[in-house]
Amino acid sequence: MKADDDIDVRALLPLVRVPTLVVHCDDDRAVLPEQGRLLAASIPGARYVSLPSANHLPLEDEPAWSIFLEELGRFLGWDQVEGSG
């Protein structure tokens, strides 16, 4: 994780030219949600989705999971996502 702290790609983010979905748990304690919002704001056309969870990764047994699946399915153009809603 220490090495990760030394990686800074912020200057490259405005060069991203592909559809981008940034998903972040709103009470994440490992990486502050503001970092996710900044990431999305720095990528042209990126969409930011906040999930209602305190976990770094949403767990299958919490409401954030079905929201994650719905948003991912919408982003990927899936007609129906197995296990959502």
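Salt bridges come first: the structure, which is a predicted model, holds 4 of them, a salt bridge being a side-chain nitrogen of Lys or Arg within 4 Å of a carboxyl oxygen of Asp or Glu. Local features here need pLDDT of at least 70 and side-chain atom pairs count only at pLDDT 80 or more, while totals for chains, interfaces and linings use all residues. Residues are numbered from 1 along each chain as its sequence is written, and side-chain values use heavy atoms, with hydrogens and water left out.

One of the salt bridges pairs Arg47 with Glu71, whose closest N and O atoms are 2.4 Å apart. This pair links distant parts of the chain, with Arg47 in strand 2 and Glu71 in helix 3, 24 residues apart; helices (H or I, at least four residues) and strands (E, at least two) are DSSP runs, numbered from the N terminus.

Glu71 also forms a salt bridge with Arg74, at 3.2 Å between the closest N and O atoms, and through shared partners Arg47, Glu71 and Arg74 are joined into one network.

How accessible is Glu71? Glu71 counts as buried, at 12% relative accessibility, whereas Arg47 is partly exposed at 40% and Arg74 is exposed at 53%; buried means under 20% relative accessible area, exposed over 50%, and partly exposed in between, with a 1.4 Å probe and protein chains only.

Another salt bridge joins Arg10 and Asp8, with 2.6 Å between the closest N and O atoms; here Arg10 is exposed, at 61%, and Asp8 is partly exposed, at 49%.
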